[in-house]
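Visitor: I am new to this structure. Please take me through one part of it closely, then show me what else can be seen from there.

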Amino acid sequence: MTRAFSSEVDTGSRRENASKQETRAPFRFYRNGKGSSARPQRPRCLAGCAAGLLLLLADMAAHGRSLETIIERGALTLCANPNALPFASKTGPVPGFQIELGEKIAEQLGVKLAREWVVSAIQYRRADCDFVLDSIARKDTPPAGGVQISRPYHRSGVVLAVRADSPAASLAGLGAGQRVGVPVGSLVSMTLANGGTVTSPFVFEDEIIAALANREIEAAAVTPATVGWFNLQHADRPLRLIPAFDSDQDLNWNIAAGLFRPDDKLRQRVDAAIEALLADGTIARIYARYGIELRPPQ
């Protein structure tokens, strides 16, 4: 969704499997669906993780900063994963769209962006961040623990990815018995299984995409960011998106910044910053550099 604490999370895992997405225990589901704990995996997030992150760890944000304090210290602090492209990276060839967007938001506030790199709940407790990006914003599930959601800036959700040579134009177009790769324990995995679709569970979205490209499965239920990043790096074998879940409200969501106990002035300034960055096309250009199409929130 990808790596831990990237921010955007599959809705099903958001509700039923948040701890698996965030802690990234060294347990991997291989292609045959069997598990193994023999080899630790580098921390990766299932389509990002901020929504589950906020629900699980909001009570850790005991002390928020006011706008005045942030301006005085000259920095706005973002929590992100150090190894989570296209979301964020500490040492990768590009910084990730969260880092680029965070820098632009901080610039609008007249300060610099500071980074706290986190991959686990333990590290998160020690972090001193003001916000995370790509948090799921839903009116029916307000965040807890003093976390506030900014103005949404993107619309995301679950899509069906297929190879370019696939004849399928819809979920129903898949042949009988053809498998769809899904994030393990997610809502989309249960939705498909209940509808009679044969599914294959994976822990990470980038593994699902790799299996699809290698013809081990016929389709993948993933987020557009994962597919866009893959296509940017594999122009010779791009994947095609099918909007198979557009009518399912639980599998589509708005994306926003999650602010930890902000005062009203900070919340207003971040909202104004996002509004300005949307209006001048900055967010769209940042996303495009990572192969992602900015979609207006609803």
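Guide: Start with T199, which lies in strand β12, residues 198-202. Keep in mind that this is a predicted model. T199 is partly exposed, with a relative accessible area of 26%.

Now look at the contacts. Leaving aside residues up to four places away in sequence, T199 touches V180, V182, S189, L192 and A193. In sequence, T199 and A220 are 21 residues apart. In space, their C-alpha atoms are 9.2 Å apart.

Next, go to strand β10, residues 159-163. Five of its five residues are buried, so β10 is largely enclosed by the rest of the structure. In a regular strand, side chains alternate between the two faces of the sheet. Take the faces of β10 in turn. V159, A161 and R163 are on one side, and L160 and V162 are on the other. Both faces are covered, and these residues are all buried.

β10 also has strand partners. With strand β13, residues 219-222, β10 pairs in the antiparallel sense over three bridges. There, L160 stands opposite A221. Strand β14, residues 239-242, is joined to β10 by four bridges, and these two strands also run antiparallel. Here A161 stands opposite L241 of β14.

On to the helices. Two packed helices are described by the angle between their axes and the distance between the axes. Helix α8, residues 205-213, packs with helix α9, residues 224-233, at an angle of about 55 degrees. Their axes are 10 Å apart. α8 and α9 are therefore oblique to each other. α8 passes α9 in a right-handed crossing. On the α8 side, the contact is made by E205, D206, I209 and A213. α9 brings T226, V227 and F230. By class, the residues of this contact are four nonpolar, one polar and two charged.

The last stop is helix α5, residues 97-109, and helix α10, residues 264-279. Their axes come within 9 Å and cross at roughly 115 degrees. α5 passes α10 in a right-handed crossing. From α5, the contact takes in L101, K104, I105, Q108 and L109. From α10 come L266, R269, V270, A273, I274, A276 and L277. The contact of α5 with α10 has nine nonpolar, one polar and two charged residues.

How values were computed. Residues numbered from 1 in each chain as written. Predicted model: local features only at pLDDT ≥ 70, side-chain atom pairs only at ≥ 80, totals over all residues. Heavy atoms only, no water. Axes fitted to C-alpha atoms, helices over the stretch in contact; angles between N-to-C directions. Parallel < 35°, antiparallel > 145°, perpendicular 65-115°, else oblique. Left-handed = near helix turned anticlockwise from the far one by under 90°. Contact = heavy atoms within 4.5 Å. Nonpolar A, V, L, I, M, F, W, Y, C, P; charged D, E, K, R; others polar. Buried < 20%, exposed > 50% of the residue type's maximum accessible area, 1.4 Å probe, protein only. Pairing = 2+ DSSP bridges.
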